[in-house]
Amino acid sequence: MPLAKKWYIFALCIATCLIFLFGCASAQKRSDQDASLGDLAEQYWTKRLIEHDYKFTYKKEMEKDSIPFSDYLSQVKQGKRFKFFSVKTNKVTIEGDRGVVYLTVECTGPPLPKGIKQMLQDLWLYRSGQWKHKFSDK
C-alpha cells in the first residue's frame, strides 16, 4: 500500500475519532444544561408551592420589572388553598433560548381529600446569561 494512502486512512481515522469525541462532549454539555434547568425549575416550584418563598420566585420571573411584587403575590397566593408535598422534574427540553420543564407535583386540597400527582409544564427563557421563568397567571 502506498505511503500516501496509509496517511489518508490514518487522517480519516483521526478525523472520525475527533468528530465522535466532540459529539460526546456536546451531548454531555446538553445533558448538563438540561439538568441545571431542571434543578432550577424544581427549586423554583418548591420555593413557590411548598416553602412560600415568594421573594425568591419573584426574582426568577422574566416579567418582574413589569409586574409589581404586590400583584405577583396576590396571583401566586391563589394556590395556597392546596397543600403541596413534593415537586420532581421529569423531563427537560431546550431549543435555543427556550426551555420547557415537565414536573410532577403532589398535592391535596378541595375537592381532593386524597393526595394526587399532577403534571406541570413550565416555560423558561434564557436571557442575559440566566434562565428566567415565564410567569403565567393561569
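**Legends to the close-up views**

**View 1. Overall fold of the predicted protein chain.** The secondary structure of the protein chain amounts to 3 helices and 4 strands in a model that is predicted. Read from the N terminus, these elements follow the order α-α-α-β-β-β-β. Of the 138 residues in the protein chain, 29% are buried, and among contacts with a separation of 6 or more, 48% are made by residues 24 or more positions apart. The accessible surface of the protein chain is about 9,500 Å², with carbon and sulfur atoms contributing 58% of this area.

**View 2. Histidine 52 in the loop between helix H1 and helix H2.** Helix H1 spans residues 3-51 and helix H2 spans residues 54-59, and histidine 52 is found in the loop that lies between them. The phi of histidine 52 is near 55°, which is a positive value in a residue other than glycine. Most residues other than glycine have a negative phi. With a relative accessible area of 32%, histidine 52 is partly exposed, because this value falls between the cut-offs of 20% for buried and 50% for exposed residues.

**View 3. Serine 128 in the loop between strand S3 and strand S4.** Strand S3 covers residues 112-127 and strand S4 covers residues 130-133, with serine 128 placed in the loop between these two strands. Serine 128 also has a positive phi, near 50°, and is likewise a residue other than glycine. The relative accessible area of serine 128 is 80%, so this residue counts as exposed, the cut-off for that class being over 50%.

Methods
Residues numbered from 1 in each chain as written. Predicted model: local features only at pLDDT ≥ 70, side-chain atom pairs only at ≥ 80, totals over all residues. Heavy atoms only, no water. Buried < 20%, exposed > 50% of the residue type's maximum accessible area, 1.4 Å probe, protein only. Contact = heavy atoms within 4.5 Å. Areas by Shrake-Rupley, 256 points an atom, 1.4 Å probe, with all protein chains shown as cover.
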